[in-house]
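Keep the viewer open as you read, and take the points in order.

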Amino acid sequence: MRFVAPWSRDYRVSSTLIVSQALIQHQDGVSLHPDLLLWEKQLSSYRQRWFDCATRNPLGWYAALCGIPPAALLAQHCNALPEDASQYWVASPYHAQLVRTAVRVMPEGQFSWAAEDADYLCATLNPLLAEEGMQLLAVGAALLLACREPIAAYPQGFGAISGQLLPDTSHEGEDGLRLNRLLSEIQMLLFQHPSIARHDRGEPDVSGIWLWSPIDEDIESHATQLAVATRNPFLQSIVDGQDAGVTITEPEQLAEVVKQGMPLPKRIVLAGDGEAVLLTKSWLPALGKARWKPKSPKPEGTLFTSLRSVMS
C-alpha cells in the first residue's frame, strides 16, 4: 500500500483535519498547543462544538473513526501472524527523560521513527520476549506484540502517555505487576543495546515501549478502512493517502500539512487532554478573541457520528 503525502505536487486540502494533542488543559479552560498559534486567528473564525473525548494519538484517532481496535488494524496489515497467538497489543516506542523524580515521555510528534527502527527493535527484544511466549512484529514502522497467553492488564492508550509523565503505578488487572516487570526489563535491555543507526542520524535513543489496546478477537471481521493522509510514521504504515478526505496530524507536523497561504479545511477537530472541539466554517465575522473553553460538551460518540456521516 503506497502512502501519498497530502503536501505532494497534486495536493488538495482534505475536507476534514484532525489534530491530536492540540489542546492543553488548565484551570481556566484549555489553550492551543504552541505549534498551532500561527493559525489561531483563522481557527478563531470557526464555529465551535465541544465534546468530552479520550486522549488519542493519530493511530488511535484513525482506529476510532473506523470503529476498529488499533491492534486489530495492525494485525490486518501484518504479513505473518504467529499461529499460536491468542492476544495482540500495539507496541509504541518512545524516548523519555528524567525530570526531577519523574520520567517524561517525548511527544510522539517529535519522535522520529522509520521501518528500519522497527526492525532493530524486533531484533533486539524478541530473544527476551520469546521467553515470555511473545513476539514483536514489524508492520512497516509500526509494531505489534503477539502473545501466546493473554495478559490480564489494562494500561492507558499511548495518546494519554505521549508528552506526559510515565505512570509510576502498577497497571490495572491481575497481571498488572507482570506487565510492569516486563516493561522494566525492556527498558534495561534497550539501554544496554542502543541503536547505532539512530545515534549516527543524531536521533534520540529508544527508552522503552508502551503496550496498549489489547485484543483477543477475530481480526478478520472488521469494517473497511478509510483513506487518510498523515505524517505520523506509525499510521502511514497502514493507510492509503490517495484521494484522502481526512488528514490526521500532530501539532508538530501541521506546518507541513497546511502550507503557508493554503486555506484550512472546512471541518477541523482539535483534541487533547480529554477534550475535543469540532470547528466548522462560519460565515459570520468573528468578534473578539476566541475563547478556548469547553461549553456544554457532548459525549464523544456524538462527535464520531458527525464525522463518519461526512466521510461516508
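**Notes for a first look**

1. Let's begin with a pair of residues: His 26 has Gly 29, in β3, as its bridge partner. The strands around them are β2, residues 23-26, and β3, residues 29-32, which pair in the antiparallel sense over four bridges. Together β2 and β3 make a hairpin, with two residues between them. Please bear in mind that this is a predicted model.

2. Now step back to the whole protein chain, which has nine helices and 14 strands. The radius of gyration of the chain is 20 Å, close to the 20 Å that the globule rule gives for 312 residues, so the chain is as compact as a globular protein of that length. The C-alpha trace spans about 65 × 45 × 40 Å along its principal axes.

3. On burial and surface: 50% of the 312 residues are buried. The chain exposes about 15,100 Å², and carbon and sulfur atoms supply 50% of that area.

4. Contacts also reach along the sequence. Of those between residues at least 6 apart, 74% join residues at least 24 apart.

5. Ser 15 is worth a visit, in the segment before β1 (16-19). Is Ser 15 buried or partly exposed? Ser 15 counts as partly exposed, because its relative accessibility is 27%.

6. What does Ser 15 touch, leaving aside residues up to four places away in sequence? The answer is Gly 245, Pro 265, Lys 266 and Arg 267. A polar atom of the Ser 15 side chain lies 3.1 Å from the backbone oxygen of Gly 245. The C-alpha atoms of Ser 15 and Ile 268 are separated by 8.5 Å, although these residues are 253 residues apart along the chain.

How values were computed. Residues numbered from 1 in each chain as written. Predicted model: local features only at pLDDT ≥ 70, side-chain atom pairs only at ≥ 80, totals over all residues. Heavy atoms only, no water. Buried < 20%, exposed > 50% of the residue type's maximum accessible area, 1.4 Å probe, protein only. Contact = heavy atoms within 4.5 Å. Polar contact = N/O pair within 3.5 Å; in protein donor to acceptor, adjacent residues only side chain to side chain. Pairing = 2+ DSSP bridges. Rg over C-alpha atoms; globule rule 2.2 N^0.38 Å. Areas by Shrake-Rupley, 256 points an atom, 1.4 Å probe, with all protein chains shown as cover.
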